[in-house]
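Please load the model in a viewer and keep the selection tool at hand. The stops below are given in the order in which they may be selected.

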Amino acid sequence: MGGFHLKDCELGVATAATQIEGGHARTNWHRWAEQGHIDDGSSPVRATDHWNRVAQDIELLGELGVRHYRMGLEWARIEPEPGVFDPAALQHYRDELEQLAAAGITPLVTLHHFNNPLWFEDDGGFLSASAIDTFLRYTERVVNELGDLVEEWITINEPNIYGTHGYLFGEWPPGIKDLKTTIRVFQVMAEVHIRAYELIHRLRPGARVGVAQHLRIFAPKLRFHPRHVFSAKLLTWLFQTCSQWAMNSGRFRYPLVQPRGIRPGRYYDFLGINYYSRSTVTSLQDSVDEHIEVNDLGWEIYPEGLIRIARELHDRHPDVPIYVTENGTADATDAFRSRFIYDQLKLISESGLPIQRYYHWTFIDNWEWAVGEAARFGLVHCDFGTQERTMKDSGRFFAGIAADGGVTEEAYERYVRGQVYARERSIFPTAPGEGLWG
């Protein structure tokens, strides 16, 4: 039987400001695109024009039937110059939050999602001596201006992806390739989160605050091969666990260093998981195994990985709710997205874990960082040329799950049964074997 009930897990969708808003914001990513680093030559200037289409997009959220929406803020719009805040930009976000409230949709607001103002980037970004104070200044202003409309915050999205892609592999801005620098970025971003967590709770004691951690499975290609097993464990620690441990507990372990003034404690109100894939490991570089199911970007489709990760976190933090802050797949033709959603949510329904939220990545096809516009993750199709929005079959399937509290037999037969995953390699020029993809 194909149907199931999704107990105690509420559905939402997620977006990021730079990926959907459009316009000429002065960010690290706008300049990176201008410099020709995007695979398809596109830029965030176009994106999905969400900045001008907020009302239309909130109507579409209503059609999806979701009651939760994870959204990001464009720091460069809010603070276009150091210490200078734009009242119009803050009012724009306030208007959007008020429209969400009127639609009965609860926001989960992300303060930093890979997006730096150029003045911050050119001062060294998170490597600047003043980085922590600068980010706290921004956080304080935003929470003071918007905190009456927001109860849930994510301080930083995927600090490990930001660090490795920008400072180890050099594939993202600022294009640095240095391991020591990457570790330093991990260190500072962990400190930034802890300080921001404390600040938000001082300003809004009832707020719930966490991090959206990119977590994946690193699996040894051969389970009993010593090098494969050691490499998988080491990559797991260096890429995700050491940073996550520091941000959650305030305990900084090698290769990070315990900062002065930060005491061990609890610096999270929920455990945020961004989960996409599994990496097959033979050495200190991730890759994708042969003859497995993959999405358009060549990432392995491995729904069981989310449950494995969530169970590990639950065993370590048994009294804390889990939010799946991102989960989705690149599927340009919508050929297997409904199958992906079904497989993932069915496993959640059977897990017995306290997964209270599932935010699908993403609401609408967007500008997918260095890949550009070609990788389509949305439940809603966007024609980037005309900005016309069209609900996909996977979006209608997702809306039905939200309405019915699970998957009915009829929905399974209509949307899922005929869908199969691909077993071909990546159709895009950047493959996950070239780095720790997120």
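Helices (H or I, at least four residues) and strands (E, at least two) are DSSP runs, numbered from the N terminus. The model is predicted, so that local features need pLDDT of at least 70 and side-chain atom pairs count only at pLDDT 80 or more, while totals for chains, interfaces and linings use all residues. Residues are numbered from 1 along each chain as its sequence is written, and side-chain values use heavy atoms, with hydrogens and water left out.

Select D319 to begin. This residue lies in the loop between α11 (304-316) and β11 (322-327). D319 is exposed, with a relative accessible area of 70%; exposed means over 50% relative accessible area, buried under 20%, and partly exposed in between (1.4 Å probe, protein chains only).

Next, select helix α3, residues 54-64. Its buried residues are V54, D57, I58, L60, L61 and L64. They lie on the same side of α3 because they cover an arc of only 155° around the axis, the arc being that of the directions from the helix axis to the C-beta atoms. On the other side of α3, E59 and E63 are exposed. Now display the elements in contact (heavy atoms within 4.5 Å). Those covering the buried residues of α3 include β2 (10-14), β3 (68-72), α5 (87-102), β13 (380-383), β14 (388-391) and α13 (393-404). Move on to G65, which follows α3 and has a positive phi, near 75°.

The next stop is a cavity: on a 1 Å grid over the protein atoms alone, a set of points where a 1.4 Å probe fits but cannot get out, with lining residues having an atom within 4 Å of a point. To see its lining, select V211, Q213, Q244, N248, F270, L271, G272 and L313. At least two lining residues come from each of β6 (208-214), α10 (226-249) and β8 (271-274). Which classes do the lining residues fall into? Four are nonpolar, four polar and none charged, where Ala, Val, Leu, Ile, Met, Phe, Trp, Tyr, Cys and Pro count as nonpolar, Asp, Glu, Lys and Arg as charged, and the others, Gly among them, as polar.

Finally, select C242, which is buried at 1% relative accessibility.

How values were computed: On a 1 Å grid over the protein atoms alone, a cavity is a set of points where a 1.4 Å probe fits but cannot get out, and a pocket is an open set with protein on both sides within 12 Å along at least five of seven lines; lining residues have an atom within 4 Å of a point.
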